[in-house]
Amino acid sequence: MAEKNEGYVFGLDIGTRSIVGTVGYRVGADRFIVVAQESIEHTTRAVIDGQIHDIFTVSKTIQEIKNRLENRLHQPLTDVSIAAAGRVLKTKQVHVIHEFGTETRVTPEHIRSLDMLGVEKAYEEIRQDLENEDKQFFCVGYSTVKYYLNEYPMEMIELHTAQNIGVDLIATFLPEEVVDGLYSAVEDAGLHVANLTLEPIAAIQVAIPEKFRLLNIALVDVGAGTSDISIVKEGSIIAFGMIPLAGDEVTEAIAKNYLIDFETAEMVKRQCERKRSVAFHNIFDESIRVTREDIAAITDEAVSVITKSVADRIIELNGGKTVSAVFVVGGGGKHEGFTRKLAEYLHLPENRVAIRGAEVLTNVQFEQPGIQKDSTLVTPIGICMNYYEQSNNFIHATVNGQRVKLYDSGNVTVLDACMASGFSKDNLFPLRGDTLHYFVNGEAREVRGKTGEVALIKKNGKEISLNDPVKNNDSISIKPSTKGKDGHIMVGDIPECKKGITVTLMGTQVSCPCMVEAEGRQVSPLYDVRDQDHIETFDYYSVGGVFELADLEKEDKVLLNGREAGMSARVEDGDVITAKPREVIEEVEEEPETEPEDFQKQMEKDPLLQPMKPLPDWMKDIPFDTPKMGKDGQIIPGAADRSASVGQPSGAATGGVSIGASMGASMQPQVHITVNGKPVTLPSKANPIFVDVFDVYPFDLTKAGGTRLITRINGLDKDFTEPMHEGDEVDLYWEK
């Protein structure tokens, strides 16, 4: 044969009933000239339901057709185009979703990988249905029905951002034994397969022109053993299907009714399609003549069963709804009442279901005399025409050192090669690292993992994408995608753990980092948070903790905001810690011993030692010592009971304080001073000191108002233990 698009094209339609060989050439874009055609019916059941069972017998028949055609053409035929029967196709519709885990912009690579997930899922479901894990299939085509973005149907998902994407997809597969059987039968006849297509695709090539494929149309090829169904929509084939009922069921109804053999019944059926009546003999050698109407009545039930099954399958393949129109090809569809009943079951007008024959072959010219254009020629012509559209064949490629066989549908991609080699879909999409889950003060938090790297794909040493085409003997290498780093965070990166406190320690500001515990154990800011860790933060320190942080030696007692405190006392932001003043022991000169005076002289000198005079009557009911209540609600020890104190003599066992003692305390001189220019009277007590100022002057030591507390007496810096004297001028404030 000449090169593609030049010279003759030889096509073989290997059917269940017969094999048809056609030779011709194309003129222009759509005109085809048939120069020779030969057809031979099988004498045995060498082909069953489109699959070759007897390779030797089929090969001999192909050889006979080849010889006849070569004699007509006076030239040898070496290459041939063939088609795999639609009835042997395995078709699955699946729905798959891929989760990104985070908002991701959808790229063509994502869409192509999503399609692969669908094809792979369909392939696995087919193998499960057949319960044969060792059975090999070739994907010969797939169509996407609908895409989903975040589970919402979308026509176009590219460039959108999504958490997940999905697809409804129909994938079609050929069993390996069907392909091998076809190739063996053809090659044993001395021919080379130049092109392999599918019978439904070949029939559509002729029956449904490209301009009509935007419509939702079903094509039904009614053969002898099966009825093959294909559906087009929006410019592409969206589904293939098959039912094991066709013309043989009609033939069997005739044979059973008239007691004739299958071959005679087949002859009667075919002749009634062209004649008004037919005569024949039954097994009792009785002469019988029947009309077209008689055969229609006898086969009505069989036709109803076939058309009902075809209609149900069409609706199923079309997503649960009927199609807009149906074209019928093949010999079985020409039987009386077939199109009418099919329209009825599909709820379509009768004119929407039609046989496609001569009217779709107007651009086909037969140079060989005696050939009548009808629906049986649609598929044979389509096989030849398909040769010009694409060079479908099986090619070989190497994927990571593994040699794979690929069905060349004209647009084989790297992704198809990956799938054929068994490369896992999980290694195409980059994976996100594990998410870190933890808790901060009881609140759940998480840190998402990083996204891994995409798969690195090279063809013949050059980096490419999954959508790149594959040619015969291409070498492909794939470095699997990777998993990203797991979620990670250190304690120091948690916002709550950055909030430390500032304490003034001995006049110096000390910054104390936030104290943090993980699972009850104190940790540093460099601690790596672990999954399910419970992190607790604290906004305070102990006095001892501040000393440790400042690397100072601890003291037994200090002043915390002016009040005495130990090392375990709680320190908060802004607190002031100062040293506790040391007690000063003043040396007192010993007075020289004097001669003891007698008691009478002492009483004369000291009025307090004189005997108490009896109280006047009006003072008897006045208690000089009343009970005092502490913060805890209990009477402070030493306070006398009111009822017991009234009328009791001095020094009584009730614990009351004598009037003399009470009066002695009240006789302490009061000290008058000024604080920040304001007159203040200190409480009556012996030897008042600076710290007593805070009992009568409002000043809040718990809140730091500056960097240093100023305590001055008469212009000189003093501490809290400095004695206070009448007329002292005190300055008390925070230095900014």
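Modeller: Buried means under 20% relative accessible area, exposed over 50%, and partly exposed in between, with a 1.4 Å probe and protein chains only. The model is predicted, so that local features need pLDDT of at least 70 and side-chain atom pairs pLDDT 80 or more, while totals for chains, interfaces and linings use all residues. Residues are numbered from 1 along each chain as its sequence is written, and side-chain values use heavy atoms, leaving out hydrogens and water.

Colleague: How many helices and strands does the protein chain have?
Modeller: The chain has 736 residues, of which 44% count as buried. Helices (H or I, at least four residues) and strands (E, at least two) are taken as DSSP runs, numbered from the N terminus. On that basis, the protein chain has 16 helices and 41 strands.

Colleague: Among contacts between residues at least 6 apart in sequence, what percentage join residues at least 24 apart?
Modeller: A contact here requires heavy atoms within 4.5 Å. Among the contacts in the protein chain between residues at least 6 apart in sequence, the share that joins residues at least 24 apart is 61%.

Colleague: Which residue in strand β10 stands opposite His 95?
Modeller: Strand β10 spans residues 161-175 and is largely enclosed by the rest of the structure, because 13 of its 15 residues are buried. Strands count as paired if DSSP finds at least two bridges between them, and β10 pairs with strand β7 (residues 90-105) in the antiparallel sense over 12 bridges. Within this pairing, the residue of β10 that stands opposite His 95 is Asp 168.

Colleague: Which strands lie at the edges of the open sheet of five strands?
Modeller: That sheet has mixed pairing and runs in the order β38-β37-β41-β39-β40. Strand β37 (residues 672-675) and β38 pair in the antiparallel sense over four bridges, with Pro 679 in β38 as the bridge partner of Thr 674. The edge strands, each of which pairs on one side only, are β38 (678-681) and β40 (716-717).

Colleague: Which residues have the most contacts inside the largest nonpolar core?
Modeller: In soluble globular proteins, nonpolar side chains tend to be buried together. A nonpolar core is a set of buried Ala, Val, Leu, Ile, Met, Phe, Trp, Tyr and Cys residues joined through side-chain atoms within 4.5 Å. The largest such core has 68 residues, and those with the most contacts inside it are Leu 12, Ile 14, Val 58, Ile 62, Leu 174 and Ile 381.

Colleague: How many residues belong to the second, separate core?
Modeller: In the largest core, Ile 62 is among the residues with the most contacts, and beyond its neighbours within four places in sequence, Ile 62 is in contact with Leu 12, Ile 14, Ile 19, Ala 185, Val 186, Ala 189 and Leu 191. The second core is separate and includes Ala 239, Ile 254, Phe 280 and Ile 295; its number of residues is 38.

Colleague: What distance separates the C-alpha atoms of Ser 227 and Ile 306?
Modeller: Ser 227 is found in strand β13 (residues 227-233) and counts as buried because its relative accessibility is 0%. Leaving aside neighbours within four places in sequence, the residues in contact with Ser 227 include Val 220, Met 242, Ile 306 and Val 310. Although Ser 227 and Ile 306 are 79 residues apart along the chain, their C-alpha atoms are separated by 8.6 Å.

Colleague: Is Phe 284 buried or exposed?
Modeller: Phe 284 is found in the loop between β15 (277-281) and β16 (287-291). Because its relative accessibility is 57%, Phe 284 counts as exposed.

Colleague: Why is helix α4 largely enclosed by the rest of the structure, and how many of its residues are buried?
Modeller: Helix α4 covers residues 199-207, and its buried residues include Glu 199, Pro 200, Ile 201 and Val 206. The helix is largely enclosed because, of its nine residues, the number buried is eight.

Colleague: Which residues do salt bridges with shared partners join into one network?
Modeller: Arg 448 and Glu 446 meet in a salt bridge at 3.6 Å, N to O, and count as partly exposed, Arg 448 at 37% relative accessibility and Glu 446 at 44%. Asp 717 and Arg 712 also form a salt bridge, at 2.8 Å, N to O. The network joined through shared partners consists of Glu 38, Glu 64, Arg 68 and Arg 72.

Note on methods. A salt bridge is a side-chain nitrogen of Lys or Arg within 4 Å of a carboxyl oxygen of Asp or Glu.
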